[in-house]
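Here is a friendly walk through one structure, meant to be read with the model open beside you. Have a look at it first, and then we can go through some of its parts together.

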Amino acid sequence: MTNPTELSLTELRDALKKKEVTSLEATDAYLARIEKAGDLNAFITVTADKAREMAKASDEKLGRGEGGALEGVPLGIKDLFCTEETLTTAGSHILDGFEPKYESTVTSNLWRDGAVMLGKLNMDEFAMGSSNETSFYGPVVNPWRAEGSDAKLTPGGSSGGSSASVAARLCAGATATDTGGSIRQPASLTATVGVKPTYGRVSRWGVVAFASSLDQAGPLARDVRDAAVMLKSMAGHDPKDSTSVDRPVPDYEAALGGSLKGLKVGVPKEYRIDGMPAEIEQLWQSGVDWMKDAGCEIVDISLPLTKYALPVYYIVAPAEASSNLARYDGVKYGHRAKDYDDILSMYENTRAEGFGDEVKRRILVGTYVLSAGYYDAYYLRAQKVRKRIFDEFVEAFSKVDLILTPSAPSAAFELGAKMNDPVQMYLNDVFTVTANLAGLPGASVPAGLDKDGLPLGLQLLAKPFDEETMFKGMHALEQAAGFDVTPEEWWA
Amino acid sequence: MTKSRKLLQGSTGDWEVVVGLEVHAQVSSKSKLFSGSSAEYGAGPNENVSLVDAAMPGMLPVINKYCVEQAIRTGLGLNAKINTWSRFDRKNYFYPDLPQGYQISQYKDPIVGEGEIEVELDGGETINVGIERLHLEQDAGKSIHDLAPNESYVDLNRSGVALMEIVSKPDMRSAEEGAAYFTKLRTIVRYLGTCDGNMEEGSMRADVNVSVCPAGNYDKFRETGDFKYLGTRTETKNVNSIRFTKQVIDYEARRQIEVLESGGSIDQETRLFDPKTGETRTMRSKEDAHDYRYFPDPDLLPLEFDEAWVEEIRASLPELPDAKKHRFMDDYGLSAYDAAVLAMDKDKADYFESVAKGRGGKLAANWVTGDLFGALNKADREIGDSPVSAAQLGSLIDLIKDGTISGKIAKDVFALIFEGEETGDPADIVESRGLKQVTDTGAIEKIVDEIIAANPKQVEQVKEKPKTMGWFVGQVMKASGGKANPQAVNEILKKKLGL
């Protein structure tokens, strides 16, 4: 029998249904791999007992010929999702010991469909970072290494634990979240498929908030089909989230393989930025050719406001974060400083000890841009530009069905390389933040390797709630790229 | 427009006081503004707290439609503009009883805009007070500092309870006007059922804004709209009774005049009222004022509804106090004063109306505002728990009107019921206690004859001074146990005494 961890999520799903393998076998196989992969630091918490318990329950159902769309499939959960009675840290010291009494809607949906939880995945603190180095639990290491080098590389961020664990086959798939690119950039850096759905497609209830108007959860998976199946389970209207949208969830898997004939794919010239490696430019051109070969019409488009997207993002996201993170004050849960004289020093010491540098930086920036006297110049102006960026996309999507761009401006870089230069770090999000600002669905698909043998991804953007067309395009890219390289298991 | 202008005399000249109120009224709702937990008063500490109220990570607010409806109702009751598009903002500050680290409120785009209400003053004068806005917001929890020497406790039962903040324009000119406005506001929300107006439970409280300016400046402000004519205001927070509101205005006006006349200046600051001393003191100065960093709450969509819903709510509004007052004057012939006294309290108005219906207003008004309110006052009871029901009082009035009992006997029966010595239908009480008026002239003549025979001296006297016949009336009434028909007694006495 093949090793169940070698199977994709959908292959495993089918094998489980055919009783070629049991969920407990698959779960134990993954737990064994996780145990050997300590060097990757992908998990904050491994929930082995809970996983086996869930697997046994799934096997019973499967034995009766019952079970949901993900019955018995072992998944990793980004530690931003609250999971009942299971430590949930958001990668932060300030949530020390926090075990929620509730389950996020997304994970509830996954368990409803039969998935098994292997554990909680490492991430940048409060999802703030592009390299997974801001985690209180230490950086995640990318399973990919440059040829001839054993330098440790970033798996991207903030969903670095998700991307690394999927790339290293430590789970069949993982949940992730994307506020400015936190699903798509890690996917690009680890040769995995990452989907950020339309804002409102997936419930935010029970997901620790970073920037409420931008946050959206989605899957990180080995291939496009896996991502389609996971998103179907994760998505749906949730009355507990006022920004969640009440419309039916299509069968994304059914959209795969459909004809792309006549689809118009836009190529925005503004995504050709200074200093971008020639290989990424070439890969992008290959993507254009692949889409053309699949029957698409290529349309050159212009999105002139793209250059403002990053500055706008780094005003709006910290502003919302500064307010969202006010609740971590040591009064109700999580870390509380031992030494304090009064309520003010309790707040100060708790937050000084509990938050890392990047989180503090963003709270400071966010507080500043919302302050009296600066609000109009920063926050209000940023919101106006955000609205115009949205309008610009609406205009572009009146001419095209999909937009094709690179996912990230570089391949995986060495851990430590950008930690002292926040602006360089923020530039990682240059191609991805636009989709968050405009609320559009976006996805990264592995497309090739650079000269060092490191993966690179291509990004597709689609109209709001048109994930089906996006999946169709992703599938075409995947087929054309024929990417089937996996990293050498140096860590095992 | 004539204004009741109360000038305050200072040592350097006359001053005017200008008052504006921000009243927080708790929405009468079973559940909180953004969570499903109970908003009932009186639960044990932290019993009414949901995950949302405690600001657990990842929790999201969902607007309570019922609370929105109550805010619209209140806006309509204040004759105010209803904004069919409004928005919730976050007001950011740190305090342990504010678990989110921000209060969800409405800043730039409130659900209700400008309006105006009529306010009755003692002495019958009426003023108009403008409403600036009404917005919905969350209440905070409660910090308790006196349970342990080195620790504070937090009760989150109130955290997230829906409040309406009703902001007046600076249209009040004295402590009396401020108090009358607060009273009228309370009457309106109680009529509407949107707030129970219960001050002891904190359902209504006011932030009282007071400033003083030299006499004449207020009119210049009214003409120009320029705030430079008004003095710097202070805001006294969380005043939880109408009486205290009056005290705050009086105290602040006098204090500010003294400061200004001795060459000082007023700081724009937040103050606290001490009910024990009747004084206010600085809570925080402008320099310490929070920068609340308001911004639209990204967890909530803008609050939008259509005109049709507003009209539906408008159609369901009860008769409001001003309309009721005028109807009482027109339909029952009441004086403006009596009509206002009754109409300003819905329970009193309802009581009066069920007594007056089909019986005529004057007699009913006399009984309700006189005997009943007097007795309730003395017993320190509310109309809601009056021992004499409206039906009983109505029946009592019927007995007077058909001559079954006299007004005097009616008062006795009323007292018997009020004191709890009798219950049930007054007609039965009169019957069983034998209190029916004696109209049988034979029986009265017999008593009259006996009294005339027993009092020859008085008989001599009354022939010279006919006015002393009252003594005989009293004797006859006494002998009849108060049951003799007074008119019949008078006639028989006159005849027998030859007057």
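## Strands, helices and a chain contact

Strand β12(B) and strand β13 (residues 270-274) of chain B run parallel and are joined by three bridges. Here a strand is a DSSP run of E with at least two residues, a helix is a run of H or I with at least four, and both are numbered from the N terminus; two strands pair if DSSP finds at least two bridges between them. Within this pairing, Lys237(B) stands opposite Leu272(B) in β13(B). Strand β12 (residues 234-239) of chain B is also joined to strand β11 (residues 204-214) of chain B, this time antiparallel and by four bridges. There, Val210(B) is the residue opposite Thr234(B) in β12(B).

A word on the source: this is a predicted model, in which local features need pLDDT of at least 70 and side-chain atom pairs count only at pLDDT 80 or more, while totals for chains, interfaces and linings use all residues. Residues are numbered from 1 along each chain as its sequence is written, and chains are lettered from A and ligands numbered from 1 in the order in which they are written.

Now for two helix pairs. Axes are lines fitted to C-alpha atoms, for helices over the stretch in contact, and angles run from 0 to 180 degrees between N-to-C directions.

| Helix pair | Axis angle | Axis distance |
|---|---|---|
| α8 (residues 346-356) and α9 (residues 361-379) of chain B | roughly 135 degrees | within 9 Å |
| α7 (residues 224-234) and α16 (residues 467-481) of chain A | about 160 degrees | 9 Å |

The angle makes α8(B) oblique to α9(B), whereas α7(A) and α16(A) are roughly antiparallel (under 35 degrees is roughly parallel, over 145 roughly antiparallel, 65 to 115 roughly perpendicular and the rest oblique). In chain A, Val224(A), Ala228(A) and Leu231(A) of α7(A) meet Glu467(A), Phe471(A), Met474(A), His475(A) and Glu478(A) of α16(A). This contact has five nonpolar, one polar and two charged residues. Ala, Val, Leu, Ile, Met, Phe, Trp, Tyr, Cys and Pro count as nonpolar, Asp, Glu, Lys and Arg as charged, and the others, Gly among them, as polar.

How many residues of chain B are in contact with chain A? There are 24, and they touch 32 residues of chain A, where contact means C-beta atoms, placed from the backbone, within 7 Å. The chain B side has 16 nonpolar, four polar and four charged residues.

Key:
Contact = placed C-beta atoms within 7 Å.
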